[in-house]
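Q: I am new to this structure and would like to learn how to read it, one feature at a time. Could you take me through it slowly?

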Amino acid sequence: MLNIEELLHNQISTAIKAVYNIKEVNSKMIQIQRTRKEFDGDFTVVVFPLLRLSKKRPEQTAEELGEYLKNYEHIENYNVIKGFLNLTITKQFWFNALQSIQKAENFGFTPPTADAPKIVIEYSSPNTNKPLHLGHIRNNLLGYSIAEILKAAGKNIVKVNLINDRGIHICKTMLAWEKWGDGKTPKDLNIKGDHYVGSLYVRFESEYKKEISKLIEEGNEKEFAQKNAPLMLQAQEMLRQWEAGNKETRQLWEMMNGWVYAGFDVTYKALGVNFDKVYYESNTYKKGRNVVLDSVAHRYNWLTQRADKSIWADLTSDRLDEKILLRSDGTSVYMTQDIGTAIERYKDFDFDEHIYVVGNEQDYHFKVLAIVLKRLGYDWAKRLNHLSYGMVELPQGKMKSREGKVVDADHLIEEMIETARKTSLELGKLDELSNDQANEVFRKVALGALKYFILRVDPKRKMLFNPEESIDFNGNTGPFIQYTYVRILSMLRKAENETNELSVEMFNLLNKSELGLIQQIYRFRETIAEAAENHSPATIANYVYELTKEYNQFYHDCPVLKEENADLRNFRIALSRTCAQTIKKATGLLGMEVPEKM
RNA sequence: GGAUCCAUAGCUCAGCUGGAUAGAGCAACAGCCUUCUAAGCUGUAGGUCCCAGGUUCGAAUCCUGGUGGAUUCACCA
């Protein structure tokens, strides 16, 4: 199906050439936009940029072009207001467009081909010492949704997760378990493994704090106390044991990581996200260190080893600071690990683009990562792309895990489901459903509300989350969209003898709300392209909200099943069905599910 | 102090990459269920698009300089 805006663009170009006797027209001069609601027409040509060619007043230029264009088969008529030429597209065009959409295999989606760009998306990337919280929810939903959107735009997608499963923080929780765990497993205590481990980490931190205070009371400096508290020394010893491959340490580590992964899996499943491949830092952290060590031998002038053996990258010529890559004791820092992981990834997938979905507090880190890799001679470093998103803040301010000021992901999901249950039961529309079916509806509505709430805002902006007020079920929300879908399905169930064949003769009957709805459905494909281009689920969220509003308008204005003209009735049923399918596909791009009843 | 990001209605957010009189939802107020699911629809009210310059026929949008907020610049991850 041809794109109407492209068709118009070409026609306008032809018109300018013909009317003003010009050979070439710069395509940037031709500006087409949707006509604003308060004016008549579907598309508007802004003629101001064309005045240089026409050498006439705006109104006259618009008038002359309109006269020429009205002979074009898809243009019904035109009107001119100031420097704006409003074009009305024929009803027949929109009618045919709807028919093509219905016939299309999977309208809006571009099937990926083998040679389409390959994009690796890393998201989630949790630490194994904390359960997932609200910030991770934004990360996971963004990562998953962007992957779906890029897939729909015809890209080959690999979703990967990188688990930070080594380092001093892991040793802290291991030590805590040895000291205070009493040999208990999550199963013994009947709690999720990630929550159990998270609580051990918190325990460590509070005991560690006590030791620090005590040392300071005994007259030590703060810094000395932090470095020499017995718990810290023991944790560091444990890290050395781990690095040395001590069997007992490794076993404990594997057991506790197993608890955490089991817990994460439950949360991931609840959120509906998944991965094609999971990387563990414990497998890749040495890689980066070797790369850095090898590179020092190359004698890059920006890479230097100091007297204490630590290795530094001097990035001041890129207007950044000096960055440490290897500590004086030879161990690697976060940056070093990411260097190794990136190289590994490139070997694994030979990607055209690599997207890191990581919060904006790491903007600097990813800027440095790309520069260092480029300087090390990896040309593909320019394909690394940091999708930086803003933090989720609470009314009290930033979330702080150490102070317990977090919104736990599992807890939040449970609460949302409970709210959805209450709301549903009050409305009492699910009486004929079994318990299991009803629970499925509650779950879909709850997660739909959460996902839509988070994804509708531009990723790069920070967002405010008020647990009491944020999750609404009315207005511009996930449930509003789901509800529109449910009403359509309910209607379609009642529609009997529906035919898929539409009478070709009836397009003149179409009214404004029907045309508006067709046009919004028609925009789905270009919206996917735009969302993919901008890596922005918010674009899809806004689109589907507009679509449902458009449908509600239509639903309000036009009887469907009660329409007496059979051609028109069939048309409206078909239009409703196509709209429902589009809602389902669009919400699917956000990771939302739509219930059949609610 | 340097760098990056943000600032739009009382609140939460859109604003199609420079176009017409800046839009939604929530909250407030007034209506619409004997009618395809009222988690819906219609209306009223609500704005110095942070400020000041600049570019342009035209700026919430681009540039410069301020102001306010967030993040970051660790031998933390």
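The dialogue below goes from the whole chain to single residues.

Q: What kind of model is this, and how are its parts numbered?
A: This is a predicted model, in which local features need pLDDT of at least 70 and side-chain atom pairs count only at pLDDT 80 or more, while totals for chains, interfaces and linings use all residues. Residues are numbered from 1 along each chain as its sequence is written, chains are lettered from A and ligands numbered from 1 in the order in which they are written, and side-chain values use heavy atoms, with hydrogens and water left out.

Q: How many helices and strands are there in chain A?
A: Helices (H or I, at least four residues) and strands (E, at least two) are DSSP runs, numbered from the N terminus. Chain A has 21 helices and 14 strands, and its C-alpha atoms fill a box of roughly 90 × 65 × 45 Å along the principal axes.

Q: What percentage of the residues in chain A is buried?
A: Buried means under 20% relative accessible area, exposed over 50%, and partly exposed in between, with a 1.4 Å probe and protein chains only. Of the 598 residues in chain A, 52% are buried.

Q: Which contacts in chain A join residues at least 24 apart, and what percentage are they?
A: A contact means heavy atoms within 4.5 Å. Among the contacts in chain A between residues at least 6 apart in sequence, 74% join residues at least 24 apart.

Q: How can I check the span of a helix such as α4?
A: The expected span is 1.5 Å times one less than the number of residues. Helix α4 (residues 91-103) has 13 residues and should therefore span 18 Å, and its end C-alpha atoms are 19 Å apart, which agrees.

Q: Which residues of α4 are buried, and what covers them?
A: An α-helix has 3.6 residues a turn, so residues three or four places apart point the same way. In α4 the buried residues are F93, W94, F95, A97, L98, Q99 and I101, and their cover includes α1 (4-20), β2 (43-46), β4 (84-89), α18 (512-522) and α21 (566-589).

Q: Where is S388 found, and is it buried or exposed?
A: S388 is found in strand β12 (residues 384-389) and is buried, with a relative accessible area of 19%. The side chain of S388 makes a polar contact with the side chain of D363, at 2.8 Å.

Q: Which residues have a positive phi although they are not glycines?
A: Most residues other than glycine have a negative phi. K309 has a positive phi of about 80°; this residue lies in the loop between β8 (303-305) and β9 (311-314) and is exposed, with a relative accessible area of 56%. D350 has a positive phi of about 50°; this residue lies in the loop between α13 (334-349) and β11 (353-359) and is partly exposed, at 48%.

Technical notes
Polar contact = N/O pair within 3.5 Å; in protein donor to acceptor, adjacent residues only side chain to side chain.
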